Amino acid sequence: MKKDGILNPDLNRAIARLGHMDTFVVADCGLPIPQHVEVIDLALMFGIPRFTQVLDAVLKEVVIEGATLAQEAAGTVAQTWVNERIDDRACTLEYVPHEDLKRQVESASFVIRTGETTPYANVIFHCGVPF
């Protein structure tokens, strides 16, 4: 048994397969996900788990060099949640229209669905390297 960190085996496998420039998504429970994109569905019920809980767990495991949010998230609590977690990292934050963000999800390695119900609580992370 793992000593600490993420316990979900599907999420562990997906994270271990990430490489430089791959993308993955942490999403609220309402984001449409194309059928060909792997979904790691952690949603238990509305609000469980929270977007922030999943961000905190996943960002301990991966190196990111950038993140993409919907322009509509600017000035919302969802933007604050992401900014608080990437402030101390050397990464860029990009904003695109929500429709473009949904199109970019099509090329993600996987999507982690949370139980979050806060509007625009969706972020695409761009993987970096630890060296």
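Colleague: What makes F24, F110 and F125 one aromatic cluster?

Modeller: F24, F110 and F125 form one aromatic cluster, where rings of Phe, Tyr and Trp (its six-membered ring) pair if their centres lie within 6.5 Å, and planes under 30 degrees apart count as stacked, over 60 as edge-to-face and the rest as tilted. By this rule the count comes to three aromatic pairs. This is a predicted model, in which local features need pLDDT of at least 70 and side-chain atom pairs count only at pLDDT 80 or more, while totals for chains, interfaces and linings use all residues. Residues are numbered from 1 along each chain as its sequence is written, and side-chain values use heavy atoms, with hydrogens and water left out.

Colleague: Why is the pair of F51 and W81 called tilted?

Modeller: The ring centres of F51 and W81 are 5.9 Å apart and the planes stand at 35°, so the pair is tilted.

Colleague: What does the pair tie together, with F51 in helix α2 and W81 in helix α3?

Modeller: Helices (H or I, at least four residues) and strands (E, at least two) are DSSP runs, numbered from the N terminus. F51 belongs to helix α2 (residues 51-59) and W81 to helix α3 (residues 77-86), so the pair ties together parts that are 30 residues apart in sequence.

Colleague: How do you know whether F51 is buried or exposed?

Modeller: Buried means under 20% relative accessible area, exposed over 50%, and partly exposed in between (1.4 Å probe, protein chains only). F51 has a relative accessible area of 0% and is therefore buried, and W81, with 13%, is buried.
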